[in-house]
Amino acid sequence: MKHFWSFLFFLVPLFGVATFVFAPHFNIWLPRDVSEQGRTIDNLFMFILYLTGIVFIVTESVLFYFLWKYDGKSNKESVKFSHGSHALELVWTIIPAVTLLFIAIYQMQAWAADKIDAPAIPFTAEVTGRQFNWDFRYPGPDGELYTQDDIVRTDGKLYLPVNEQIMLKITSGDVLHSFFLPNLRVKQDVVPGMAQKMWFKGKKTGGFDIVCAELCGWGHYKMKGRVFFLPRDEYDAKLVELSAEQDKMTVQVPEEE
Amino acid sequence: MSTVTADTHAAHGEHAPTSSFLKTYVFSLDHKIIGLQFLFSTLIWFSVGGLLAMGIRWQLAYPWRPMPLLGNLLAGPEGGQIAPENYTMLVTMHATVMIFFVIIPILAGAFGNFLIPLMIGADDMAVPVLNMLSYWFMWPAFFFIGSSFFVEGGAAQGGWTSYPPLSVIQQAAPGSLEGQTLWLLGVTFVGISSMMGSINYMTTIIQMRAPGMTMFRLPMTIWGMFITAVLQAFALPVLTAAGFMQLSDRMIGTGFFLPEGAMANNSPMETGGGQPLLWQHLFWFYSHPAVYIMILPAMGMVSDILSTFARKPLFGYKPMVYSISGIAGLGFIVWGHHMFVSGMNPMLGMTFMVSTMMIALPSAIKTFNWLGTLWGGKIQFTTPMLFAISFVSMFIIGGLSGIFMAATPVDIFIHDTYYIVAHFHYVLFCGTAMAVFGGIYYWFPKMFGRMMNDSWGKVHFSLTFILMNCVFYPMHILGMQGFPRRLADPYHYETFRNLLEVNQFISWCAFLLMASQSIFVVNFFYSMFFGPRAGRNPWKANGLEWQAPSPPGHGNFDFQPIIYRGPYEYGSPEVDEDYYPQTQPPKEKAIPNDQ
Ligand code: HEM
Ligand SMILES: [Cu+2]
Ligand SMILES: [Cu+2]
C-alpha cells in the first residue's frame, strides 16, 4: 500500500485519543472523588490532559502529514535545502516556555493548599505504617495524643467524621511506606524518624481503600486499609465503642483475604 | 589539533597489528572491538531484563498462578508460582538490569566506543587501555548481579532506587541479605566503568578531532555522547559515594540513612541519627541526570538517521546543540521532582516544579526541529529510519506525559502509580531502546561489513512498534485509576479489581512483543555471516564514519581525513549528488559554508 508507513504512524494519535475517549465508558478513569480538595487536582489533571492532548494531536498529525507528503517515492519536488529558521526557533521556544510557566504558576495555589498551608487544628488521628499494616491512634476524649485515654487500633480500619477538616499525623514504625487514599487524591510518603501532617475533608460517607504506594517489602501488596467516613454522631458513637472494646482487645493481625 | 592527532597516531602504531586471537577479540585495545563487546554483552542482558519483565507481566495477569515455562527459572522451586518476595525481586532486577546493564552501557559503551573515533576522524580513543578496562570492569558487575539471583534470600528487593531503610535493614526483606550487597557492588562497578568511559570520551572529543572538525561540525550523535560524558563525570561520584555510605550502613553499622529508633521486625536497631531522605537526595542527584544519560545519545543518533534518510540537512543544528547543553545544565537542579511526596520540605516542591517545567523546553525544541528536518525532504523509509521516526513519535508521548508529573498537585495523585511506569517506558523503551534498534540497523554495515535484511527489519519494526504501544499506552489509564506500581497482587484492593482485563491484554501484548524480538536476533546473526556485502557508504551518508572501510581496519581510516563542512549537507545545490560527504573538498567556486 502506498503511504503505508505514514498511516502506521497516524495510528498513534488515532488510538491514543480513542483510548482516552472510551476509557470513562469502561469505568476506568480517575476513581470516584469523595474529597473536597480532589476537585482541584482532577481539574488540573483534565486541564493538562486537554492541553497536552491538543499538542499531541497537532504534532503527531504534522508528523503524519510530513511522512505522507514527503515520501521519497512520490514526492517529485526537490529537497528544501534549509538549515533552519531563527524566527520559527523563537516561536517554538517562547510559546512552550510561556505555557509551561503558566502551568507552573497556575497550580502553585493547589500545591500550597495541599501540602504547605496546614490548618491549625488538633490531630484527628495518628497513622503508623508498619510491615505490613496500618495502625491508627485516636486521641480519645481529652483530644490529645499519647495520653491514657488514647484509642489504638491495629485492624487497618480508620474511622473519620465526614464533612469535617481532618488532620492526620503520619509516622512509620520501620521502613518507608506511602499513605495513599486514591478516592481523596492524597498521598504522603511515610518516613521513619519523621512526623508528617496530612489534611483533607471527606464529602461522602462510606468505606474507601487505603493503599500503600511505596515499596516496603514482600508484603507491600497486601498492606491495605480502609477509611470510613461517618456522620458526626455515628463517629462519636464509634469511638466510644472502640474505646470500650479497647480493654478487651488483644492485638489482632488483619486477616488474609 | 592536527599535531595531537599526528602524535597519537604514532603512539597507536605500537599496538598495531595484533596477532593472537586473545589480543584481537578479547583483550582488545581497539575501540571498535570494545564497542562490539559492549554491544553483545548488553544485548544478552537485554534479553535477561526482558524475561524478568515477562515474569512481572504474568503475575499481574494471572496472580499466583504458576508461570508456564519460565516459572521455575524466575521464581525458584515453588512449582513456578511467583511468591510475593520474588515479585519484588523481579521488579527490582528488571529495572536494575535494564537501566544499569542495558541502556547506559549500550549507549555510551557500545555506540560511544564504536562511533566516537570514527565520527570525529580519530584512529582510536585517547586512552585505549582505559577503554579496555572500562569494558572489563563490567565483568565484576555482571558477576555480582548475575550471582545475586542465587544467594540466600535472592536478589535485591528494595526497588532499583534502593531506598533505605528497606535496603539497609537486613531483617526488613529477604533480599536485603547478600542480594542487596551484591546489588550495591554491581552498580558501583558499572559506575567505575562509566567513569573511565566518560573521561575517555571527553578527552577524545576535545583532543582528537581530525583537522577541520570544529565543535560545530560534530554530528549530533557525538554531541549527545559528549554531553552525556560530562553529566557522568559530575553526577557519578555522588552515586558512588552514596553507594559506599549504604554499604557501610549495612556492613559496619554506621547510620547515615537510619533514623533514631529504627525498627525492624519489631526489634529496635542499634544505629540511628541518620535520615532516609538523605539517600533519596543523593540517589536522584545522580539518577535524574542519568535519565538524560539514557536519552541524549539516542537523540543524537536519531538526529543523524533522520537527516540521512530525509535527504535533507538537520533543521536547526545549533539550537539542537544549545538545547542539549541546556538539558545538561538544568539536569542538575531538578532531581527533587522525584521527591514531591517524599516528605521533603514542600516549599522545595515549588522550586523543583518550576525548574522541571523549564527542562521540558529543550525537549520540545528538539522535537520541533526533528519535524522541521522531515519537512520538505525526500523520505526513504528504511528500517533505521522507521525506528528513528518512531522515536520522535513516541518521545512526544513520553515528553507530554512528563508534564503531568511536573505539576506537583497532580503528581500527588499519580506518583508511584502506573502513570509513571507508562511515562518512563515511553521515554526509555519506546524512545531510547527504539533509537538503539535504529542505530544497530543503521551502523550494522559499518560494524560487520554486511547489510541486515531490510524486509525482515521492517517486519520486526512493525510488530515492535504496534505491540509496544499496546503494552505501554494503556498503562496511562491504569495510572489514572491510581493503580500503584510494584504490587504483587493489586486485585487485593477493591479500587483496582476492574483492571484485571486491561492487565491481561497488556501482558499478552508483552509476551508477543518479547517473542517478536526473535526476528531481530535471527536477522542480526544471519546477516553478520551471510548478509550482502556493504560498501563503504551503503546509505550514501555524509558522516565521516562512512568514508572508512566497512568494517574499518585498525586505525580506522586508510587516508588522513580532512573535514570541510558539517555532516548534514544533503541535497546541497553545490553538488550534483544529493549528498556531500564531510571529507569531499569543495568545488573551486563554491561559496564557503559556515555550518
Ligand atoms: C518488553 C518490554 C518491557 C516490559 C513488558 C516491561 C514491563 C515492566 C513492568 C511490568 C514493570 C513493573 C512495574 C511495577 O510493577 O512497578 C516495569 C518496571 C520497570 N521497567 Fe520495564 N518493561 C519492559 C522494558 C523495559 C525497558 C527497555 C526498560 C529500560 C530501558 C525498562 C525499565 C524499567 C524500569 C526502570 C522499571 C521500574 C521498576 C520500578 O522501580 O518499579 N523496562 N517494566
Ligand atoms: Cu507499606
Ligand atoms: Cu508498601
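Buried area is the accessible area (1.4 Å probe) that two parts lose on being put together, summed over both. In this predicted model, chain A and chain B bury about 9100 Å² between them, 73% of it on carbon and sulfur atoms. Local features need pLDDT of at least 70 and side-chain atom pairs count only at pLDDT 80 or more, while totals for chains, interfaces and linings use all residues. Residues are numbered from 1 along each chain as its sequence is written, and side-chain values use heavy atoms, without hydrogens and water.

The contact (heavy atoms within 4.5 Å) involves 94 residues from chain A and 106 residues from chain B. Three salt bridges cross the interface, a salt bridge being a side-chain nitrogen of Lys or Arg within 4 Å of a carboxyl oxygen of Asp or Glu. B:E494 and A:R226 form a salt bridge through their side chains, at 3.2 Å from N to O.

Elements here are DSSP runs numbered from the N terminus: helices (H or I, at least four residues) and strands (E, at least two). Those of chain A that each supply at least two residues to the side touching chain B include the following.

| Element of chain A | Residues |
|---|---|
| α1 | 4-22 |
| α2 | 38-69 |
| β7 | 186-190 |
| β9 | 206-212 |

The most comes from α2(A), with 14 residues.

In chain B, helix α11 covers residues 296-310. All of its residues, 15 of the 15, are buried (under 20% relative accessible area, 1.4 Å probe, protein chains only), so α11(B) is largely enclosed by the rest of the structure. B:R311 follows α11(B) and has a positive phi, near 50°.

How values were computed: Chains are lettered from A and ligands numbered from 1 in the order in which they are written. The expected span of a helix is 1.5 Å times one less than its number of residues. Buried means under 20% relative accessible area, exposed over 50%, partly exposed in between (1.4 Å probe, protein chains only).
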